[in-house]
Amino acid sequence: MKVAVVGYPNVGKSSLVNRLSSSREAIVHERAGVTRDRKEVLTDWNGREVVLLDTGGVDLEDSGELGREVRKQARLALAEADVAVLVVDAKSGLRPGDHELADLLRRAALPVVVAANKIDSPRELPLAAEFYGLGLGEPVAVSAVQGLGTGDLLDRLVALGPATDGAAVSDEQSVRLAVIGRPNVGKSSLVNRFAGHERVIVSDRPGTTRDAIDLRLSFAGRELVLVDTAGLRPSRKVSESVEYYTTVRARRAAARADVALVVCDATAGVTTQDLRVAELAMRSGAATALVLNKWDLAPELDLADERARVTRKLRLRPRLLTASAKTGRNVTRLLMEALALADRRAERVPTPRLNRALAEAVAARQPPGRQGQRLKLLYITQTAVRPPRFSIQVNSRARVTRDYAYYLENYLRARFRLEGVPLVIDFVSRRERRATMVYS
């Protein structure tokens, strides 16, 4: 079941979502208006799966563009929810904005529970009674900080929700695709193109996206979890606490992803910061491709030069693709490439093929020698996937040079189409292997 969590700005919606889900998924800050997009946070209660839809603070008097977009996302959350929670600030008491939201929820034609938040001790329980005046039934006194009443709230929500949940696809079966990059390169526009509707807020103002927003999508018979992230700035430019936490969440999203699409602005080409973001994604173990978005605005850009620079600067040699979120050009191709990268990241190469490739690599470039002794590569096998990991048995690990290790890595990457896929090679000497077999 899905539960839309709505309310006036700074009443503690995100804190309550974190408390109900026993997580820190939603950004919490003392400044009002930190949450903007609607974010899905998964939890369960008494065997029932509950998806909490955290929304931005709804101020019906805010006539600005961002305020209108936040209200739109809140209405979309209500449209897909089974139950709504109206979060109010019990210590501040009833205010006109609460009445306006209550009127909006009555028109939504779905069950509504009033959560009177910030009741941090039993002696403050009477404060909840004032919210009977909203005409939405008995309010539930809760404290997002202390946890008071959250079990009662979940009991009420589950009782009001549908009797059964539809079959869900687990995250283990889904491909997690993180869309990352610098601020204002068109990440959210691209995610909306993938989704086929305005799922996340798009604005010309950099930094509009603050949280990592998960979006489930079916494509080509596969299930994907798209993650739209906040723009990643250089560390020296992250000057405020909200921006720090958004950056941390973007980095975590990359670390949990199977595939990362690093979105670049084609009008600026691939910048040094774009390359840093790609390095971050690949170090986290995600298969990675770079995307030159806004390609319709950059007819003069030399694509061959940009690809050569990416290959020269990034050791994993990810592909450089072009797309336009505005026109939809190549958007489907990006999803196809993401699935292909996920498959190659999870692929296991048969041992005979690996050893043929190793023999060919040695024939093409002889291993280095030191003090009259030459490195011998005896055997290779794959030991893990996601990302791929290989073990090469050698006569002496001390004779493996950095250059030759990179050569073998690049050879395997080219031979098995692992461009942009992190891979690990362990060099194990014959003596070490025998010792492990004797003493294990």
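How many bridges pair strand S4 with strand S5, and in which sense do they run? I started my notebook with that one. I'm working from a predicted model, so everything below is read off a prediction.

**Entry 1: S4 and S5.** I looked up the two strands and found S4 at residues 83-89 and S5 at residues 112-117. They pair in the parallel sense, over six bridges.

Entry 2: Next I traced the neighbours. S4 and S5 belong to an open sheet of six strands, and I wrote the order down as S2-S3-S1-S4-S5-S6. The pairing in this sheet is mixed. Which strands stand at the edges? I found S2 (39-45) and S6 (140-141) there; each has a single partner strand, so one side of each has no neighbour in the sheet.

**Entry 3: helices over the sheet.** I then asked what lies across these strands. Helix H3, residues 96-107, lies across S1 (2-7), S4 and S5. I noted its direction relative to S4 as about 175°. Helix H4, residues 150-160, lies across S1, S2, S3 (48-54), S4, S5 and S6. Against S5, H4 runs at about 170°.

**Entry 4: S7.** Are its residues buried or exposed? I counted seven of seven buried, so I have S7 down as mostly covered, with buried meaning under 20% relative accessible area. I checked the two faces separately. On one side Val175, Leu177, Val179 and Gly181 are buried, and on the other Arg176, Ala178 and Ile180 are buried too. I made a note of Arg176, a buried residue in this strand.

**Entry 5: partners of S7.** Which strands do bridges join to S7? I found S9 (residues 222-228), running parallel to S7 and joined to it by five bridges. In that pairing, Val179 stands opposite Asp228 of S9. I also found S10 (residues 259-265), again parallel to S7 and with five bridges. There, Leu177 has Val259 as its bridge partner.

**Entry 6: H5 on H9.** Last, I looked at a helix pair. The axes of H5 (residues 187-195) and H9 (residues 331-346) come within 10 Å and cross at roughly 85°. That makes H5 roughly perpendicular to H9. I listed who makes the contact: Leu190, Arg193 and Phe194 from H5, with Val331, Leu334 and Leu335 from H9. By class I get five nonpolar residues, no polar ones and one charged.

Definitions and conventions:
Residues are numbered from 1 along each chain as its sequence is written. This is a predicted model: local features need pLDDT of at least 70, side-chain atom pairs count only at pLDDT 80 or more; totals for chains, interfaces and linings use all residues. Side-chain values use heavy atoms; hydrogens and water are left out. Buried means under 20% relative accessible area, exposed over 50%, partly exposed in between (1.4 Å probe, protein chains only). Helices (H or I, at least four residues) and strands (E, at least two) are DSSP runs, numbered from the N terminus. Two strands pair if DSSP finds at least two bridges between them. Contact means heavy atoms within 4.5 Å. Axes are lines fitted to C-alpha atoms, for helices over the stretch in contact, and angles run from 0 to 180 degrees between N-to-C directions. Angles under 35 degrees count as roughly parallel, over 145 as roughly antiparallel, 65 to 115 as roughly perpendicular and the rest as oblique. Ala, Val, Leu, Ile, Met, Phe, Trp, Tyr, Cys and Pro count as nonpolar, Asp, Glu, Lys and Arg as charged, and the others, Gly among them, as polar.
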